[in-house]
Amino acid sequence: MSELFLLIQIAIRNLFASFLNFVIGGIILMGTLLFVVGGSLLSSVDSAMSKSITGSIAGHVQVYSDKSKEELSLFSNWTMPDIAAVPDFSKIKPALLSVDNVKTVVPMGVEGANMTYGNTLDQTLDKLRKAVNARLAGDRSPALNERIVSLKDHVRRIVTVIQEDYKKLTVMASTQSIDPQELRAIEKAASAEFWNSFDADALAHLEFMENKIAPLLPDADLIFFSYVGTDLDSFRGSFDRMEIVDGQMVPPGGRGLLLSKYVYENQFKLKTAHRLDKIYEALHDEGKTIASDPDLQLMVKQNRSQTREILLQLDPLSSQRTTKTLQGFLKSSENDLATLLTTFFDTNDANFIERHGFFYKEIAPLIELYRIRPGDTMPINAFTKSGYIQSVNVKVYGTFQFKGLEKSGLAGGMSLMDLMTFRDLYGYVTPERMAESNQLKKNTGVKFVERDRAEAELFGGSSVVGTGGEKKIDDQAEMGGVKYSATARALMNRPYSRDEIDQGVVLSAAVILKDPSKMEQTMREIEAVSKKNGLGLRVVSWQKAAGQLGQFVFIAKAVLYFAVFIIFVVALVIINNAVMMATLQRVREIGTMRALGAQKRFVLKLVLIETLLLGLSFGAVGTLLGSILVKWMGHNGIPAGSEFLYFFFSGPRLYVDLGIGSLIGAFISICLVTSISALYPAIIATRVSPVQAMHAED
Amino acid sequence: MPNADTSASPIVSIVNVSKEYTLGETVVPALRDINLSVAPSEFISIAGPSGSGKTTLLNLIGCVDTATTGQVIIAGQDTRNLSERQLTELRLHTIGFIFQSFNLVPVLSVFENVEFPLLLQRKLGSAERKQRVMDLLTKVGLADRAKHRPSELSGGQRQRVAIARALVTRPKIVLADEPTANLDSKTGENIIDLMKEMNQIEKTTFIFSTHDAKVMAHANSIIRMADGKIVEDAKRSTKSRDQEIRA
Ligand SMILES: Nc1ncnc2c1ncn2[C@@H]1O[C@H](COP(=O)(O)OP(=O)(O)OP(=O)(O)O)[C@@H](O)[C@H]1O
Ligand SMILES: [Mg+2]
């Protein structure tokens with residue numbers, strides 16, 4: 001006891017005795033600092049990211065059919081992996097729920113689809129047609145009359161804008177390159193006679209506009225989006241990070257689409273407004289300046305040149321008003337609205353905030369900021385499993401986001417769709433419905449489906465990709481190749497029962513656990529249940545289900561651990577050399593102790609304890625500094641500079657947590673590194689002969 | 001007055017001992033067939049020119065080195081039969097060392113340096129240790145320096161601390177290889193006087209080597225060496241002759 005006390009006393013007093021100790025201590029200090037900070041950072045990113053993935057779509061565990069040709073990859077937004085369908089979710093749900101640690105199971109089908117919507121002229125004509133139809137149906141109210149006049153004026157204005165465009169074109173390009181028929185059509189549409197005779201035969205005039213003029217506007221758009229087809233109610237209950245931003249939740253059991261807020265802002269918002277938002281954010285939140293940031297300069301340039309969308313949307317009355325307010329705002333006498341808008345959008349750091357405010361206050365209320373509004377019904381197209389294009393009209397109920405992941409393109413890339421619509425788009429027909437359709441076929445005299453064509457029929461088509469025509473599940477919906485009409489329509493609007501939702505095809509299911517720390521064990525239990533019941537399920541962790549993203553994290557981790565390992569080895573070698581040198585400097589002291597009667601063991605302990613104490617005290621300083629740094633980072637958060645990082649930080653900032661794990665890890669590594677690196681010098685020290693005590697000082 | 005009892009069984013007994021060092025191809029004979037017997041409480045000086053084998057002899061007696069041939073018996077134990085571990089134990093309990101360069105542990109205080117062998121021994125409690133250390137420090141006149149570090153002392157003072165350290169375990173033998181070589185001759189003589197005083201109080205056997213004739217004069221007996229052999233066993237032989245005559 002007293003011997004150990006003596007050794008510690010010698011060790012403490014030798015702490016600052018040699019310059020070499022400062023070298024060793026310095027390395028250990030830096031090492032532990034790095035370890036604590038890096039370890040905390042990594043574990044924080046790890047847990048933040050696991051929150052991002054488990055909390056947004058994946059859940060803790062995903063199960064899918066083991067007949068799948070490829071691996072499930074939830075976040076590979078455009079290329080959907082080849083996943084075999086699980087034909088009946090209701091068969092696997094109770095089995096999964098029977099596992100102890102499973103809290104909920106959410107059915108899923110991750111797929112891609114696209115949505116088309118007409119250009120501004122299409123939309124305005126559509127409104128005009130509806131109003132004209134109402135009048136034809138007998139509505140004579142002054143309000144309708146006024147609306148028709150206003151819409152007619154808007155269409156005329158759009159034609160004027162198109163005409164202006166064509167004038168510019170003819171100046172720039174040779175006249176031959178423009179189809180004279182187009183020019184003649186525009187001339188006709190812009191003429192006073194055309195509009196004077198409009199009311200006499202409104203439908204014919206509308207037809208002319210729709211067929212001849214609307215196609216000249218190129219801003220019709222096709223938007224691709226990825227979505228998760230799921231039991232929306234169960235999804236909302238299980239993923240509590242989800243929150244509705246605009247509009248409302250799809251009613252229980254109903255069909256409908258919830259667009260991701262991120263997608264809504266990026267794809268559906270008026271480009272000019274979206275750019276203004278982004279510039280505002282960069283200036284206001286990120287402290288950037290237009291003057292120094294080329295990306296922001298580009299956005300300003302685009303806003304200046306791309307004013308057409310706004311021009312088209314403004315009806316004549318709004319155009320006049322905007323011209324006037326802009327003239328006042330810019331103190332300009334310019335009469336051309338296009339020129340005024342270009343001047344207005346020529347923003348710089350000094351005037352941006354003011355103009356941003358003006359835009360939202362004065363211009364935005366006059367136009368449609370978003371191409372789709374919550375409540376709109378949109379035709380959605382997708383390739384079915386067998387290659388057909390399916391089209392389903394879906395009501396967009398609103399937009400949603402995952403709390404803390406508002407800015408993340410990865411978590412925000414997915415929209416949410418009800419499971420029934422997903423099944424229609426996916427083109428999978430349940431055996432029950434198959435039987436029902438066969439019955440119908442029999443009734444209508446259609447011959448029985450041949451046995452070898454059953455699968456193709458099951459997937460809603462018999463032809464290979466591309467050769468099939470477009471099939472619409474709408475008023476005249478076809479399902480499984482059979483006309484349904486009235487039945488289908490009824491199917492669209494009624495709410496579905498839980499059983500109906502559960503009894504059908506899914507691609508995967510998210511499993512939410514009661515205790516996520518027991519994930520590995522629960523996965524094994526799920527596998528066992530699947531095997532026992534012959535469910536044929538593949539069970540993967542969220543890391544794996546995240547696809548490339550999960551792999552990326554794995555690689556990042558591996559790289560970091562490798563770096564730590566290299567630092568360890570380097571530290572080991574340097575410390576080993578330094579301790580060796582320090583020991584050789586003390587040969588006479590050690591020899592004296594041996595001569596006085598100290599055993600080899602004593603010398604071994606002496607060197608080990610001294611190095612260990614050196615490591616622990618400098619390590620403590622390093623840990624302290626590291627902890628302070630981590631606390632500071634935890635307090636202020638590390639800003640996620642790019643939207644990509646939002647996902648990894650699970651929010652706009654990473655609030656680093658001082659993991660007790662990294663402290664323990666640092667402690668263990670110090671002990672390990674110092675003892676390993678001091679072991680060899682300590683053994684060498686025991687070989688010092690007591691004779692060496694006799695050698696005189698040099 | 002004789003202070004050595006040669007008739008009692010010898011504390012050091014060296015029989016036909018040779019020591020050779022091998023330097024590459026050449027073999028350097030350091031000791032050649034030496035015989036020596038030292039009785040308890042003797043105060044002996046080993047003298048001889050450089051290279052005569054003084055240090056080698058002291059190292060063999062001190063159990064820090066082993067003989068090439070012959071027997072070295074210390075306190076009744078034949079060192080040939082002892083393991084490295086047992087040799088260390090023997091040093092700890094039976095032998096005290098005083099070094100030419102004092103060899104105090106620089107980070108320990110005077111008190112702690114003297115206490116050091118006692119801590120290795122693990123025999124005494126802290127109160128007893130304290131008493132024994134302070135006792136010795138008083139005897140060597142450094143009680144008031146107990147808390148000082150070696151670097152704060154003069155060479156003579158350091159060697160006194162070393163003497164206290166050598167005696168603290170109450171060893172049977174204290175060995176000192178040129179203990180005065182790093183001191184001026186006045187201080188050196190004082191150190192030898194202190195050693196002699198201790199030899200008389202504690203009855204400890206002292207064997208020391210020196211070049212200094214003045215220092216040598218303080219010894220009760222002198223062993224002279226040359227070329228690895230004992231050439232004269234001065235007063236001791238006279239003394240034994242006296243005893244023979246008396247008998
Ligand atoms: N470790 C060694 N290796 C080789 N030869 C040695 C070694 N130690 C001593 N010798 C040789 O043994 C002989 C005796 O040396 P020793 O040191 O015992 O002499 P010494 O009488 O102590 O001399 P000095 O008065 O110079 O200290 C010398 O010739 C010396 O060169
Ligand atoms: Mg010598």
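Buried area is the accessible area, with a 1.4 Å probe, that two parts lose on being put together, summed over both. Keep that in mind for the interface. One caution before we start: this is a predicted model.

Let's take the interface of chain A and chain B. About 2,600 Å² is buried between the two chains. Carbon and sulfur atoms give 58% of that. Which residues of chain A lose the most area to chain B? They are A:Arg13, A:Leu596 and A:Met694. Together, those three make up 26% of what the chain A side buries. In residue terms, the contact takes 28 from chain A and 27 from chain B.

Take A:Glu3 as an example. A:Glu3 forms a salt bridge with B:Arg122. The closest N and O atoms of that pair are 2.6 Å apart.

Where does the chain A side come from? By class, the chain A side divides into twelve nonpolar, eight polar and eight charged residues.

Next, ligand 1. There are 14 residues around ligand 1. Which come nearest? B:Ser50, B:Gly51, B:Lys54, B:Thr55 and B:Thr56 do. Now some distances to oxygen atoms of the ligand. For B:Thr55, a side-chain N or O atom is 2.6 Å from a ligand oxygen. For B:Gly53, a backbone N or O atom lies 3.0 Å from one. For B:His211, a polar side-chain atom lies 3.1 Å from one.

How much of ligand 1 does the protein cover? On its own, the ligand has 630 Å² of accessible area, and the protein covers 65% of that. In chain B, the elements giving two or more residues to the shell are strand S1 (12-23), strand S2 (26-38) and helix H1 (54-61). H1(B) gives the largest share, three residues. By class, the shell divides into five nonpolar, seven polar and two charged residues.

Now the whole structure. A search over all chains finds 29 salt bridges. One of interest is inside chain A. A:Glu71 pairs with A:Lys544, with the closest N and O atoms 3.6 Å apart. A:Glu71 sits in the loop between strand S1 (61-65) and helix H3 (89-97), while A:Lys544 is in helix H23 (residues 542-545), so the pair ties together parts of chain A that are 473 residues apart in sequence.

Last stop, A:Ile27. This residue is found in helix H2 of chain A, residues 19-58. Leaving out residues up to four places away in sequence, A:Ile27 touches A:Ala571, A:Ile574 and A:Ile575. Then there is A:Gly619, which is 592 residues from A:Ile27 along the chain. Their C-alpha atoms are separated by 9.2 Å.

That's the tour. Over to you.

Conventions: Residues numbered from 1 in each chain as written. Chains lettered and ligands numbered in written order. Predicted model: local features only at pLDDT ≥ 70, side-chain atom pairs only at ≥ 80, totals over all residues. Heavy atoms only, no water. Contact = heavy atoms within 4.5 Å. Salt bridge = Lys/Arg side-chain N within 4 Å of Asp/Glu carboxyl O. Nonpolar A, V, L, I, M, F, W, Y, C, P; charged D, E, K, R; others polar. Near = heavy atom within 4 Å. Polar contact = N/O pair within 3.5 Å; in protein donor to acceptor, adjacent residues only side chain to side chain. Areas by Shrake-Rupley, 256 points an atom, 1.4 Å probe, with all protein chains shown as cover. Helix = DSSP H or I, 4+ residues; strand = E, 2+ residues; numbered from the N terminus.
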